[in-house]
Amino acid sequence: MGKATREAFGEAIVALAEDDLSIVVLDADLSKSTNTQNFMKKYPERHFELGIAEQNMIGVGAGLALCGKVPFVTSFACFLIGRLETIRVSAAYNRTNLKLVGTHAGIGIGDDGTSQMALEDVAAMRALPHMVVLQPADAEETKQAVAWAAKHVGPVYLRLTRQKMEDVHGADYKFQFGKCDVIWEPETKPKHYQATIFASGGTVPGALKAAKDLLPRGFNARVVNACTLNPFDDDAVGRFGADSERLVTVEDHNIIGGLGSAVCEAAAQRALGIPVVKIGVRDFGESATGEELYDKYGISSSHIVEACLRNLN
């Protein structure tokens, strides 16, 4: 098992700050959980602890951005995006160069329970003009996405996992902003796929397992990783939909407004004429292990398999 994407973020921000003196980090009394403690120790003059006052932290971060700094504002995703009205004006409306880092996203955080599970954050951030939304699938993608975000001029929301993630990208991986990438398909590529599975963040390992489990049953599935959720790679939906019987989306997020909605929007605009099966969370979460919750809420690999096979002629 690899690292949680929050861990990879913590390593990336320390490395980037060595050469980029404009990078600063803001915390809301959660530096241990957001993995910014090492940054705080190495660059104490560039780390700002704002306490449990996320709204103020976002405002301070926006002010630092307007003064020429590159602020990474960090907290649990649910606490950070819960301050939507401040983000809307301070980051999106003013196109402030503010980087919002939300960790502990989705029901995958497990035992912490409902109050700390961000399940509506992607929908909220996708609705804001000028806001980039990134959700990397593993450590390597996270590090490259963080490096891209640091150089990008404008607001970015980075959605990260508490749980450890399998490494799904090789050493030759190159992050491409705004592009979906194929992370698995059968060695002998078929001319026609029964399904293309779009996954993002915490659900990517389950999508991989599902596709591999389907192969011995004569079912060809391709797995596409969607790191950039806004702006979305609409062309990928058209391209992969052209040779697929159906598209399946799986996300650790509310079924409305996230990855599934982005894929459906693109499919409708291109009049693909194939079904899109969306699987995601339809309620609030609860306290259990991440694995138990993925199964109960229908986003584990077995449920992905069922979604691929459902109602096939």
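**Rings, helices and cysteines**

Guide: Let's begin with the rings: there are six aromatic pairs, where rings of Phe, Tyr and Trp (its six-membered ring) pair if their centres lie within 6.5 Å, with planes under 30 degrees apart counting as stacked, over 60 as edge-to-face and the rest as tilted. Phenylalanine 76 and phenylalanine 79 make a stacked pair, 5.5 Å centre to centre with 5° between the planes. This is a predicted model, in which local features need pLDDT of at least 70, side-chain atom pairs count only at pLDDT 80 or more, and totals for chains, interfaces and linings use all residues. Residues are numbered from 1 along each chain as its sequence is written, and side-chain values use heavy atoms, with hydrogens and water left out.

Visitor: Is phenylalanine 76 buried or exposed?
Guide: Phenylalanine 76 is buried, at 4% relative accessible area. Buried means under 20%, exposed over 50% and partly exposed in between (1.4 Å probe, protein chains only).

Visitor: And how does phenylalanine 79 count, at what relative accessibility?
Guide: Phenylalanine 79 is partly exposed, at 25%.

Visitor: Which residues form an aromatic cluster?
Guide: Trp148, Phe175 and Phe177 form one.

Visitor: What lies over the face of tyrosine 43?
Guide: That's arginine 46, 4.7 Å from the ring centre. A charge sits over a ring if NZ of Lys or CZ of Arg is within 6 Å of the ring centre and within 35 degrees of the ring normal. Arginine 239 also has its charged end over a ring, that of phenylalanine 240, 4.8 Å from the centre.

Visitor: New topic, helices. Which residues of H4 are buried?
Guide: They are Glu54, Met57, Ile58, Gly61, Ala62, Leu64 and Ala65. These fall within an arc of 160° seen down the axis, so they line one face of H4. The arc is that of the directions from the helix axis to the C-beta atoms. As for the name, helices (H or I, at least four residues) and strands (E, at least two) are DSSP runs, numbered from the N terminus.

Visitor: Why would they line up like that?
Guide: An α-helix has 3.6 residues a turn, so residues three or four places apart point the same way.

Visitor: What covers the buried residues of H4?
Guide: The cover includes strands E1 (23-27), E2 (47-49) and E3 (70-76), plus helices H5 (77-81) and H6 (84-93). Contact here means heavy atoms within 4.5 Å. Just after H4, glycine 68 has a positive phi of about 100°.

Visitor: What about H6, which residues are buried there?
Guide: Thr86, Ile87, Ser90, Ala91 and Ala92. They cover an arc of only 160°, which puts them on the same side of H6. Arg88 and Tyr93 are exposed on the other side. The buried residues of H6 pack against H4, H5, strand E4 (99-103) and helix H7 (121-126).

Visitor: How many disulfides are there?
Guide: Zero in the whole structure, a disulfide being a pair of cysteine sulfur atoms within 2.5 Å. For cysteine 308, the closest cysteine sulfur is in cysteine 264, 15 Å away, too far for a bond. Cysteine 308 is buried, at 0% relative accessible area.

Visitor: Last one: where is threonine 249?
Guide: Threonine 249 is in strand E11 (residues 247-254), and counts as buried at 0% relative accessibility. Leaving aside neighbours within four places in sequence, its contacts include Phe198, Leu259 and Val276.
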